[in-house]
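Welcome, and thanks for taking a look. Here is a short briefing to read alongside the structure.

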Amino acid sequence: MILLEAATSRVATAVAEYGIYCSPDRSLRESAQQIKLITASLDPLSLPTELRDFWTWWSPEQFSRPAYDGFLTPTEALACRDGMIGLGFPELLVPIAKYGKGMIWMELQTEQHPGSRAYFGSYADPDLQLWSIGVSGVLEILADTLESGGVTRWAADDHRLDPAALQSALNTHHSSMSGPSSQWRVPIAKQDQWPTHWTTNSRRR
């Protein structure tokens, strides 16, 4: 929770100048029933700790542009996931935010794997690209981009992230990450090349 709080605080400070409020605004009483229903619907998969905490204490709809192109509410995320599973998408992934012509997806947790890796999937690219670990990692990349001035004004109340600035933040973030090269880019259409825990926990295997 400490990493998540630090990352969201940085983002909240950076987007304040655009009139966006995204500090913790939910109570446990308010969100507990929703999280319980989500948990039941995902069983035997489960929410990684940071994603559960994020959806418990923050209202994702408050994170609007230039916080990527907006974060998804749990209801939106699960509806999108259900639709994409029908098209052959991995069951182990749930979308958390929109960006450009794609989505940022997060691994769900299994009994054997903690999940939490965040991938970007573009409608124009057949591969998922590893971006970070955890919601805090996704927000740290966003904060780095915002703090570097990587925002373009499209209209009076329409600000977007500059793709070059975001890529620079990604490059910096990636320099501190490690892992098998096969997990940095995952071809969606080739299930035999998915990470092992994606297929062993799939009902389609």
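Is Ser31 buried or exposed? Ser31 is buried, because its relative accessible area is 0%; buried means under 20% and exposed over 50%, with partly exposed in between (1.4 Å probe, protein chains only). Please keep in mind that this is a predicted model, where local features need pLDDT of at least 70 and side-chain atom pairs count only at pLDDT 80 or more, while totals for chains, interfaces and linings use all residues. Residues are numbered from 1 along each chain as its sequence is written, and side-chain values use heavy atoms, leaving out hydrogens and water.

**Around Ser31**
- Ser31 sits in helix α2 (residues 28–42); helices are DSSP runs (H or I, at least four residues) numbered from the N terminus.
- Beyond neighbours within four places in sequence, Ser31 is in contact (heavy atoms within 4.5 Å) with Arg26, Trp55 and Thr56.

**Helix α1**
- Buried residues of α1 are Leu4, Ala7, Thr8, Val11, Ala12, Ala14 and Val15.
- Viewed down the axis of α1, these buried residues fall within an arc of 165°, so they line one face of the helix; the arc is that of the directions from the helix axis to the C-beta atoms.
- Ile2 and Thr13 are exposed on the other side of α1.
- The buried residues of α1 pack against α3 (49–57) and α5.

**The largest nonpolar core**
- A nonpolar core is a set of buried Ala, Val, Leu, Ile, Met, Phe, Trp, Tyr and Cys residues joined through side-chain atoms within 4.5 Å.
- The largest one has 59 residues, and Tyr68 and Phe71 touch the most other members.
- Helix α5 (residues 134–147) gives this core its largest share, seven residues.

Conventions
Helix = DSSP H or I, 4+ residues; strand = E, 2+ residues; numbered from the N terminus.
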